[in-house]
Amino acid sequence: MKNIVHKIKLSVWILLALFVTTSCDSWLDVKPKTEEEAERMFSTEEGFKSALAGAYISLSQPELYGRELTFGMVGILGQEWGGGGTLDQSSSAYSFFLRYRYDETVSKAIVEKVWGEMYKTIANVNTLLEYTEKNGMC
């Protein structure tokens, strides 16, 4: 019985060693899904137009130029707005910006949304520019 168990263990170790030391190049040649989608999207002129329109739509969201970077957070930081309405409420994010209290949780949340959305938009525009150069459209 000990002999059979020993042979099974030895067989398992040999198979494991063979499996670990064997390489397969095709496993490493997998394209990320986003890269495949980008190549398909930028294969036509309509894809480029769609990507550019997407960038403009993204910029018009409330987290960016739809509010915060025009009359929201930037307007408060630039002292364009005085007191009144929700600015006088002690718990609103804009009241914290008015008093230069940037370390409050609600103030940080707005700033993080602005930066996060802007970085996403910049990344999308960079991809658009990369494929514009790659496809010789500039």
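Guide: Let's start with S107, which is buried, its relative accessible area being 0% (buried means under 20%, exposed over 50%, partly exposed in between, with a 1.4 Å probe and protein chains only). Keep in mind that this is a predicted model, where local features need pLDDT of at least 70, side-chain atom pairs count only at pLDDT 80 or more, and totals for chains, interfaces and linings use all residues. Residues are numbered from 1 along each chain as its sequence is written, and side-chain values use heavy atoms, with hydrogens and water left out.

Leaving aside neighbours within four places in sequence, S107 is in contact (heavy atoms within 4.5 Å) with A93, F96, F97, R101 and Y102. S107 sits in helix α7; helices are DSSP runs of H or I, at least four residues, numbered from the N terminus. Helix α7 covers residues 105–134, and its end C-alpha atoms are 43 Å apart, in agreement with the 44 Å that 30 residues should span at 1.5 Å a residue (1.5 Å times one less than the number of residues).

Other buried residues of α7 include I110, V114 and M118. These three belong to the largest nonpolar core, ten residues in all, along with L64, L69, M73, I76, L87, A93 and F97. Such a core is a set of buried Ala, Val, Leu, Ile, Met, Phe, Trp, Tyr and Cys residues joined through side-chain atoms within 4.5 Å. With three residues, α7 gives the most to this core. M118, again leaving aside neighbours within four places in sequence, is in contact with L59, L64, Y65 and L69. A second, separate core of six residues includes A38, F42, L128 and Y131. Just after α7, G136 takes a positive phi of about 65°.

Terms used
Helices (H or I, at least four residues) and strands (E, at least two) are DSSP runs, numbered from the N terminus.
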